[in-house]
Amino acid sequence: MAQNRQWLFNKRPKKDIEADTLILQDTNLPEPGDGEFLLRSIYVSMDATNRLWLGDWDLYMEPITPGQPMKGFTLGEVVKSRNPAFPVGALAAGLAPWAEYSVHDGIGFSVMPNIPGLKLAEAFGVLAIAGPTALVGLMEVGRAKKGDTVVVTAAAGAVGMLVGQIAKIHGCKAIGIAGGAEKCRWLTEEFGYDHAIDYKREDVVQRLRGLAPEGVDVHYENVGGELLDAGLSVMKNFGSVVICGLISTYNSAAGDRIPGPYMFRNLIMRRLRVEGFVILDYVDKYPQYQQQLAGWMLEGRLKGRMHVEPGIERAVDALKMLYTGANTGKLMVQFGREPQGS
Ligand SMILES: NC(=O)c1ccc[n+]([C@@H]2O[C@H](COP(=O)([O-])OP(=O)(O)OC[C@H]3O[C@@H](n4cnc5c(N)ncnc54)[C@H](OP(=O)(O)O)[C@@H]3O)[C@@H](O)[C@H]2O)c1
């Protein structure tokens, strides 16, 4: 049996991820050098942005180039260590190759605290990326305040489900947009959204006008395209538009001409503030955000719905789910077993 397996980035996809984009290969078990540790991967987060790393867009970070291992945000167990900050048995999180085992020097990694009362997958799924992104996007970029009407796209997804709940914690009215009746039911029944709109079946602009007759204060965008246009159409004067993600465009190449937004003129007509952000710019404040988010989770005010796919073999098929809406919660792949007792 192979000592280690990893996914290699083989060939840049033209649009959707293809059968030969990534290949699973056997490799040797790496040995940590001075100042390094060996990480056994447990959960690997599947994030919409992973597709962008395989593309040719000019990004917020270096893309991965063919011939390199695919990477993802990973929670693992330190199983060998020559780095005192990451002792054997510690749980560490950071950007790692999509591999069963990998060696790291600790830069960009943090030891994940054990939070009694939270399951490991839930703690990683909410606290690592989705939770800080939802919190920063809504409160710091969107500047949401009590009484605001907040609209969220991809509202049943990892980030979106948390944005609605955080909006409710802050006394806002939350309207979520998602694909399908089942996801819309979760929005109101599981995540506390006041209203849900099924963009696959309903006229989104008409529904938004009915649900927010005074207009929308904060629009939290995860999708782009027609949904962003719908949002721009119903903003209140001086409202905020948070550009968190544009997932509907991520399977495009750099040269593709992506249409819209057509309602760009409302930036003037409605005096809007539109701001994009990348959560990596906020890592210094992560401990503060994580404490806040974990507190709400332990109080039962913030819930995460997890979607865990089993086994390293599932990684590529799992990633593809994000772009079709097949994921039913914060998506991650379990590469290895949880340590006993966690
Ligand atoms: N700025 C940052 O730092 C940052 C950090 C993390 C995430 N993000 C962004 O947040 C967004 C959500 O990411 P996530 O990881 O939480 O994924 P997610 O929302 O759990 O999954 C993606 C969801 O997007 C929806 N979707 C995909 N293609 C679509 C399309 N063409 N039209 C409409 N909806 C579509 C699907 O939901 P439906 O079934 O409802 O269609 C799908 O389930 C992404 O845009 C991502 O890039 C940004």
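Strands, like helices, are DSSP runs numbered from the N terminus (strands are E, at least two residues; helices are H or I, at least four residues). Strand β12 (residues 235–243) and strand β13 (residues 273–276) pair in the parallel sense over 4 bridges, where pairing requires that DSSP finds at least two bridges between two strands. The model is predicted, and local features need pLDDT of at least 70, side-chain atom pairs count only at pLDDT 80 or more, and totals for chains, interfaces and linings use all residues. Residues are numbered from 1 along each chain as its sequence is written.

I243 also stands opposite E221. The strands concerned, β11 (residues 216–221) and β12, pair in the parallel sense over 5 bridges. Between β11 and β12 the chain passes through helix α6 (residues 226–233), and this β-α-β crossover is right-handed; that is, with the strands pointing away from the viewer, the path from the first strand over the helix to the second runs clockwise.

These strands belong to an open sheet of 6 strands in the order β10-β9-β8-β11-β12-β13, with parallel pairing. The edge strands, β10 (195–198) and β13, each pair on one side only. The twist averages 15 degrees from one strand to the next. Angles run from 0 to 180 degrees between N-to-C directions, and axes are lines fitted to C-alpha atoms, for helices over the stretch in contact.

Helix α4 (residues 181–189) lies across β9 and β10 and runs at about 165 degrees to β10. Helix α6 packs on the sheet, touching β8 (149–153), β9, β11 and β12, and its direction makes about 170 degrees with that of β11. Contact between two residues is taken as C-beta atoms, placed from the backbone, within 7 Å.

The ligand is surrounded by 30 residues, the closest being G157, A158, G179, G245 and G325; a residue is near the ligand if its C-beta atom, placed from the backbone, lies within 6 Å of it. Helices α2 (120–141) and α3 (158–169) are the elements that give two or more residues to this shell. By residue class the shell comprises 18 nonpolar, 10 polar and 2 charged residues. Nonpolar here covers Ala, Val, Leu, Ile, Met, Phe, Trp, Tyr, Cys and Pro, charged covers Asp, Glu, Lys and Arg, and the others, Gly among them, count as polar. The ligand lies between domain 1 (4–112 + 305–334) and domain 2 (129–281), because both give residues to the shell around the ligand. The domain bounds come from an automatic or database domain assignment.
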